[in-house]
Every structure is written in C-alpha cells, then in structure tokens.
Amino acid sequence: MHHSPSPLNPLLFSFLFPFLSCVLLRVAARSSRSRCSLSGLLTLLLRPLVVSFALYCRSVRSSTPSSSVSSSVFHVTDQESNKIINDDVISRIKQETNLRTKTRHVNTRAPAFIVLPTCQVAEGAGRTTRSHFLLFQLDSCRTGREEMGSCWDSWVEEALKRLDSKKVLRSVRPVFVSSQDARPATTWEEVRDVPLADRSSSTFKKLLLFSGNDYLGLSSHPTVRKAAAKAAQEYGMGPRGSALICGYTCHHRLLESSLAALKKKEESLLCPTGFAANMVVMATVGCISSLLSNSGKPLDNEKVAIFSDSLNHASIIDGIRHAERLQEVKTFVYRHSDMAHLNSLLSSCKLEKKVVVTDSLFSMDGDFAPIVELVELRRKHDFLLVIDDAHGTLVCGENGGGVAEMYGCEKYVDICVGTLSKAVGCSGGFIACSKKWKLLIQSRGRPFIFSTALPIPVVAAAHGNITTLKDIWSPIISLVIGGEEMALLASRSLSPSLSLSLSPV
C-alpha cells in the first residue's frame, strides 16, 4: 500500500541541506586538489534542492482534491527507457490532466501524476544538462471534464434562480385528451403529477380549454380523423427526409396547391413549422443582398432594409436577427401599427431594397394590422410587403383566405406566411408567394433545406380540412371586453357550455 510522506520530512530536509552544502563548499575551497568549478558546485547544491521541493509539493498536493500545474514547456521522455513518448500518449495525458503544456515528462504506467518544470543546470564550460522531476500521486488529479461539468451545473443553477426571481421560469404539465365523439373538443382532462396510465377519477380534473389555437375545432373533426387514419394505414409516416431529397410527395404538392389557391398566390411552400416559415422568409430576403453583391458580402448601401412592427412574432424577430448577424440587412422597428412612424422611417431610408413585415392579426392584443394603410405606403415607397397571417388563416375572410382577403388586399401582399397548427387544426407552416420567390426560398432557405418534410398523415389531414372548410361551423365566439385583468376575471365566471375567445383591448 502506498503512503504519502509527511510534509515535515522534505521541509526539514530543505532547510538542513543548505547548511550542509555550505560546509561542503568551504571544504572544497580549501582543498588544493579540488577541480570543481563554481558551476559544478552550484549543480551539486541545486539538484537536491529541487528534489526536496518536488517532494514537498507532492505531499501538499496529496491532501488537495484538485491539482493546478503551470503552463511551462516540458521534455517528454519515459522515465525508465529515456525514449520519446508518442503523440497518442501525450494526447491522452492532455485529456486526463487538463494541463496546458505542449510537452511533458511522464511515466506511462502512472494513472495520475504531478509534473514539475525542467531544471536546466550549467556544467563545465558550455555544457548543459536537463534534470527531469516527476512525482506520481494516485487519485490526486481531477480531470478537466469533471471540473468543467461542475462549473456548468452551478451556472445553470444560478440561471434558473434568476429566471425564477423574474417569474419567467416555465414548466409543462400533461393533459389527457378526451376521446368522446366527433364533435369539436372543448373540454380536456388534466393530469396532476401522476402517470397518464393512472386513470383513477381522483387524479383527473375536467377543465374547459380556452388557451388553445384550435380556433375552429378542426383538430378532432371527422375529416381530419379519416384522412389521417387512411394515410397512416397506406403510407405510414411517408418518406423521412428533407423535401429536396425524398420527403416531398404528391400529397405535399396537393396541399401546396390548395394553400396557394386559398391565398390567391401562384405557389406555396410547406415548412416544418410556422416558426420555421418566418425564419426561412427573413433568411432568404437577406441573402438577396449577398447574391447581388460583386464581392459576395454586401456593402452598407447594398443591404436590405427591413421595417418590422414592434409587436411582431418572435419567429420574425429571430429571422431578422439571423440576417443581421450575416451582415445582410439593416433593421428599422416602427411603433406598433403606427403608419406615420413607418412612413417617416421609409422616407429617410436611403437603401434601395426595402421590406415591411408585420403580423396580420396580433394574437396577444387582438388587433389587426392596418393592411389598407400598408398597401398605400407600398404604392408610395415600392417596398416588399410580407405578412404573417398565422391567426387570420381560415378565420378571416369570406373563404378563409385571411386578413388580406377580409380587406380585399390579397394581390398587394407579396409574401404571406401561415401555419397549419392553428385554425387548420394540424401541424406545420407554409409560405404563399410567386413562383420566383418559391424557387429562391427553397434554394437558399436553410430552415427549409435542412428540415425533414411533414409526415404524409399530417399533410393529408390538413388538405382534408381546407377542402371541407365550407361545411365547418366555428364554436368560438370572439369577445373583446377590456384589459388583461378584466379578461381574466370574466373567464372565471363563464358558463361551462360556452367556448369563448377573450381578448383585451
């Protein structure tokens, strides 16, 4: 069994040895036959001192949970064979010790070790020798991975505490969806800290759902159930790959044609989510400046100017930020629905390429974007108009074409982004645009290029809902009553037989 020496022994030796060395030096100086030079005597003095210091460091480090070694350069040889150790061993040592040294003197048989710097001592005229010192200490070194892991744990814990102090620490809780009849579902059952397998009556509480995005109740409509079930039985989930490789099928093409007709556009492009759809559009808009630049990196006057409503959805904001990081766009944020402010920004902007992007229906505030005024500004400033019609699709307009249809402005909207996860009752997103824009988006939009295409059952269900829209009646009554506190107060006193969409003004 290995025992570490006491710190007292090497420490006492390090103090006594200089005294004995002085005596030896005096004796050597008096000896007429002594041929030792001063450098040789210094060598005799320094070597034991370094050894004693190494022993002392070893004894101190054995009582310390982690080690810290200087970043000096070391000569790497095996202690017994005096051969250069290969690079594989050096790499392993670097990983195990987290020592930031270029080379080291190591014993390959030691699982843990402490390395001291090379001591260079002069001997004779123009001769030098290198003395290597190495101590081995089992279980005395903590790996860099362990130390870094503990640091990250503490950082994450501190970040969670700060989120909690700001009341923005989020969590999820499972719900058990009631499988009753084919009517649009308005009640869900909530699980409270128990496995879903436990269906005892005491673990569930029936609740009315007012917070979902299933505006028309289509998620449980008979058309959805039949279309999704039939497609799953015949094709499973379909080819699993990106649309540009193998994920794009005739079912995807059929849905895209239906969405293009709904939005009165030449084409449409399916995306994995509505969030991804907005990211794709903003990324593609920004890439135009790089593609048209002679150097591949646009100059300041070649960038795209993007004008964004201050209350736009996070997906639009993140897409613009991504384009900004690539130094392809310059962003201008105008006050919410303030057309005078937007007109002022447009008039003062000297950039040629301009884009205005806005939500069509702001879900958190319950108000519409001033589409008519935006169209007028479009005629004046000749910008590209992009709207996110996620909350207006199938809800607004005589045919469910959205907010632009409701105001009769479809042909003035250049790009319309939508989602299949709200009123359509399924999942996914889409972009309705011209053929040219579709070619550009599917060629440069990375969130589309590198994402797996939607499963066939989801596509079939969405197509079924859009084609049977005329036979669907919405159980949702939109009621605008006031501020947030009034809306919350009213929601607590609603009749269980009603399903209302409450919005503050």
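Predicted model: local features only at pLDDT ≥ 70, side-chain atom pairs only at ≥ 80, totals over all residues.
## Overall make-up

The protein contains 16 helices and 18 strands, and of its 505 residues 40% count as buried. Among contacts in the protein with a separation of 6 or more, 68% are accounted for by residues 24 or more positions apart.

In soluble globular proteins, nonpolar side chains tend to be buried together. The largest nonpolar core in this model has 28 residues, and those with the most contacts inside it are Phe307, Leu342, Val356, Ile371 and Leu385. Two or more residues are given to this core by each of the strands S9 (304-309), S10 (329-334), S12 (361-362) and S14 (384-388), and likewise by each of the helices H10 (339-348), H11 (371-381) and H12 (403-406).

The surroundings of phenylalanine 307 can be listed in detail: leaving aside residues up to four places away in sequence, Phe307 touches Phe332, Tyr334, Leu342, Leu345, Leu346, Cys349, Lys354, Val355, Val356 and Val357.

## Packing around helix H8

Two packed helices are described by the angle between their axes and the distance between the axes. Helix H8 (residues 274-292) and helix H9 (residues 314-325) have axes that come within 8 Å and cross at roughly 30°; the two helices are therefore roughly parallel to each other, and H8 passes H9 in a right-handed crossing. On the H8 side the contact is made by Phe275, Asn278, Met279, Met282, Ala283 and Gly286, and on the H9 side by Ala314, Ser315, Ile316, Asp318, Gly319, Ile320, His322 and Ala323. Sorted by class, the contact of H8 with H9 comprises eight nonpolar, five polar and one charged residues.

H8 also packs with helix H13 (residues 435-444), at an angle of about 90° and with the axes 9 Å apart, which means that H8 is roughly perpendicular to H13. Here H8 contributes Val280, Thr284, Val285, Cys287, Ile288 and Leu291, while H13 contributes Trp437, Leu440, Ile441 and Arg444. The contact of H8 with H13 has eight nonpolar, one polar and one charged residues.

## Packing of helices H5 and H15

Helix H5 (residues 222-235) and helix H15 (residues 456-467) pack at an angle of about 150°, their axes being 8 Å apart, and H5 is therefore roughly antiparallel to H15. The crossing of H5 and H15 is right-handed. Thr223, Val224, Ala227, Ala228, Ala231, Ala232 and Tyr235 of H5 meet Ile456, Pro457, Ala460, Ala461, Gly464 and Asn465 of H15 in this contact, and the residues of the contact of H5 with H15 divide into ten nonpolar, three polar and no charged.

## Positive phi values in two loops

Most residues other than glycine have a negative phi. Serine 337, however, has a positive phi, near 55°, and is found in the loop between S10 and H10. Because its relative accessibility is 22%, serine 337 counts as partly exposed.

For aspartate 382, phi is positive and near 55°, and the residue lies in the loop between H11 and S14. Aspartate 382 has 66% relative accessibility and therefore counts as exposed, the cut-off for that class being over 50%.

Notes
Residues numbered from 1 in each chain as written. Heavy atoms only, no water. Core = buried A, V, L, I, M, F, W, Y, C linked by side-chain atoms within 4.5 Å. Buried < 20%, exposed > 50% of the residue type's maximum accessible area, 1.4 Å probe, protein only. Helix = DSSP H or I, 4+ residues; strand = E, 2+ residues; numbered from the N terminus. Contact = heavy atoms within 4.5 Å. Axes fitted to C-alpha atoms, helices over the stretch in contact; angles between N-to-C directions. Parallel < 35°, antiparallel > 145°, perpendicular 65-115°, else oblique. Left-handed = near helix turned anticlockwise from the far one by under 90°. Nonpolar A, V, L, I, M, F, W, Y, C, P; charged D, E, K, R; others polar.
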